[in-house]
Amino acid sequence: MADNMNNDTGSTQQTVQEGQGTGQEPERLFTQEDVNRIVGERLARAKLDAGDADTYRRERDEARKELEDHKMGVFLKEQGVLDDYKDYVLFKAGQMVGEGTDLRQAVEEFLKKEPRWAGKGYRVSTCSEGGCSGSLRTGPGDPEIRKAMGLRG
């Protein structure tokens with residue numbers, strides 16, 4: 001009978017072990033190589049994601065700069081600055097930017113001091129012994145003035 005009981009306990013233990021195996025996978029153990037490979041793959045994925053984020057940030061910053069440049073170009077055009085003189089006006093205004101002055105304010109200030117860059121031009125009268133031939137309003141770099149001075153272009 002003791003043999004019979006031992007057989008019963010043995011079959012019960014065997015059944016319990018089989019029951020644990022059904023529906024559940026046994027615990028999986030990883031070797032150091034597996035762990036290194038998995039960690040390496042995750043780090044590579046993280047670097048790729050970080051690279052994508054940097055690319056998106058760079059593209060966003062470039063788009064913002066383009067937008068600001070466009071807005072400044074429109075502002076300068078509204079102020080009467082010719083396309084040929086935008087860089088010069090921005091350069092001179094940039095030197096005037098301070099703690100209490102932004103670029104737009106500096107451009108307005110510069111154009112007040114130097115209205116010829118705002119397309120306001122200057123007035124040229126040609127007079128000789130025979131009288132005055134009239135007046136000509138012109139802006140900076142006007143081809144007629146350059147021609148009269150003997151300059152090219």
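Helices here are DSSP runs of H or I with at least four residues, strands are E runs of at least two, and both are numbered from the N terminus. On that basis, this predicted model reads α-α-α-α-β-β-α along the sequence. The count comes to five helices and two strands.

Start with the overall figures. The protein has 153 residues, and 14% of them are buried. Its accessible surface comes to about 12,900 Å². Carbon and sulfur atoms account for 50% of that area. Now take the contacts between residues at least 6 apart in sequence. Of these, 29% join residues at least 24 apart.

Next, turn to helix H2, which spans residues 32-78. Helix H3 covers residues 86-96. The axes of H2 and H3 come within 11 Å of each other and cross at roughly 100°. Angles from 65 to 115 degrees count as roughly perpendicular, so H2 and H3 are roughly perpendicular to each other. On the H2 side, the contact is made by Met72, Gly73 and Leu76. H3 contributes Lys86, Val89 and Leu90.

H2 also holds Leu43. Leu43 has a relative accessible area of 52%. Exposed means over 50%, so Leu43 is exposed.

Technical notes:
Residues numbered from 1 in each chain as written. Predicted model: local features only at pLDDT ≥ 70, side-chain atom pairs only at ≥ 80, totals over all residues. Heavy atoms only, no water. Buried < 20%, exposed > 50% of the residue type's maximum accessible area, 1.4 Å probe, protein only. Axes fitted to C-alpha atoms, helices over the stretch in contact; angles between N-to-C directions. Parallel < 35°, antiparallel > 145°, perpendicular 65-115°, else oblique. Contact = heavy atoms within 4.5 Å. Areas by Shrake-Rupley, 256 points an atom, 1.4 Å probe, with all protein chains shown as cover.
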